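Biologist: I should like to learn how to read a protein structure, one feature at a time. May we work through an example together?

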Amino acid sequence: MAKAIHSMIRVLDEKRSIDFYRVAFGLEIAERLEFETFVLIYLRNGESEFELELTVNKDRSEPYALGDGYGHLALSVDDLDAEHQRLTEAGLNPGKIVDFNRDGALLARFFFVVDPDGYKVEVLQRHGRYK
């Protein structure tokens with residue numbers, strides 16, 4: 001069976017992105033690999049072995065065009081309300097909390113926060129399939 005190990009995003013400012021993911025989700029640098037024209041930074045925390053790979057192209061000065069496709073990274077938390085409050089207090093401007101129901105039952109509670117490069121990150125209450 002295949003095992004998911006990381007997801008990659010391209011970022012413009014290494015420090016700004018590392019700071020965002022540290023403050024927002026407790027992700028720390030697991031490894032940083034410097035190459036001539038780019039840098040790979042692998043972030044993770046103690047909750048999972050799954051990593052977020054940040055790719056920084058050294059010659060890039062313009063923000064990346066994210067397109068009009070709706071993709072996102074999703075993370076789950078024990079207490080969605082507390083995380084929303086914490087991110088608000090940290091000045092990260094999370095979106096409103098949404099209760100998403102299906103067939104009269106709660107499917108998910110979540111909100112989105114946007115990283116410095118415009119990527120949307122979904123934060124879900126641990127519940128049901130979203131563990």
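Modeller: We shall take helices, sheets and salt bridges in turn.

Modeller: This is a predicted model, in which local features need pLDDT of at least 70 and side-chain atom pairs count only at pLDDT 80 or more, while totals for chains, interfaces and linings use all residues. Residues are numbered from 1 along each chain as its sequence is written, and side-chain values use heavy atoms, with hydrogens and water left out.

Biologist: What span should helix α1 have, and what span does the model give?

Modeller: First, the terms: helices (H or I, at least four residues) and strands (E, at least two) are DSSP runs, numbered from the N terminus. The expected span of a helix is 1.5 Å times one less than its number of residues. Helix α1 covers residues 14-25, twelve residues, and should therefore span 16 Å; its end C-alpha atoms are 16 Å apart, which agrees.

Biologist: Which residues of α1 are buried?

Modeller: Buried means under 20% relative accessible area, exposed means over 50%, and partly exposed lies in between (1.4 Å probe, protein chains only). In α1 the buried residues are Glu14, Ser17, Ile18, Phe20, Tyr21, Ala24 and Phe25. They lie on the same side of α1, because they cover an arc of only 160 degrees around the axis. The arc is taken from the directions that run from the helix axis to the C-beta atoms. The general idea is that an α-helix has 3.6 residues a turn, so residues three or four places apart point the same way.

Biologist: What is found at the two ends of α1?

Modeller: At the start of α1, a side-chain oxygen of aspartate 13 comes to within 3.2 Å of the backbone nitrogen of lysine 15. After α1 comes glycine 26, which has a positive phi near 70 degrees.

Biologist: Let us turn to the sheets. In what order do the strands lie in the sheet that contains β1?

Modeller: Two strands pair if DSSP finds at least two bridges between them. The order is β1-β4-β3-β2, an open sheet of four strands with mixed pairing. β1 (6-10) and β2 (28-34) are at the edges, each with a single partner strand, so one side of each is left without a neighbour in the sheet. Neighbouring strands of this sheet are turned by 20 degrees against each other on average, direction ignored. For such angles, axes are lines fitted to C-alpha atoms (for helices, over the stretch in contact), and the values run from 0 to 180 degrees between N-to-C directions. Within this sheet, strand β3 (residues 38-44) and strand β4 (residues 51-57) run antiparallel and are joined by six bridges. Isoleucine 41 stands opposite leucine 54 in β4.

Biologist: How are the strands of the sheet with β5 and β6 arranged?

Modeller: Four strands form an open sheet in the order β5-β8-β7-β6, again with mixed pairing. The edge strands are β5 and β6, each pairing on one side only. The twist averages 30 degrees from one strand to the next. β5 and β8 run parallel and are joined by five bridges, whereas β6 (residues 98-102) and β7 (residues 105-114) pair in the antiparallel sense over five bridges. Valine 98 has phenylalanine 110 in β7 as its bridge partner. The hairpin of β6 and β7 has two residues between the strands, and aspartate 103 there takes a positive phi near 55 degrees.

Biologist: How many salt bridges does the structure hold?

Modeller: In general, side chains of opposite charge can pair when their charged atoms come close. A salt bridge is a side-chain nitrogen of Lys or Arg within 4 Å of a carboxyl oxygen of Asp or Glu. The structure holds 14 of them.

Biologist: Which residue forms a salt bridge with arginine 126?

Modeller: Aspartate 78 does, with the closest N and O atoms 2.9 Å apart. This pair links distant parts of the chain: arginine 126 is in the segment after β8 (120-125), and aspartate 78 is in the loop between β5 (73-77) and α2, 48 residues apart. Aspartate 78 counts as exposed because its relative accessibility is 58%, whereas arginine 126 is partly exposed at 26%.

Biologist: Which parts does the salt bridge between aspartate 81 and arginine 109 tie together?

Modeller: Their side chains meet at 3.2 Å, N to O. Aspartate 81 lies in helix α2 and arginine 109 in strand β7, so the pair ties together parts that are 28 residues apart in sequence. Arginine 109 also forms a salt bridge with aspartate 99, the closest N and O atoms being 2.7 Å apart.

Terms used
Polar contact = N/O pair within 3.5 Å; in protein donor to acceptor, adjacent residues only side chain to side chain.
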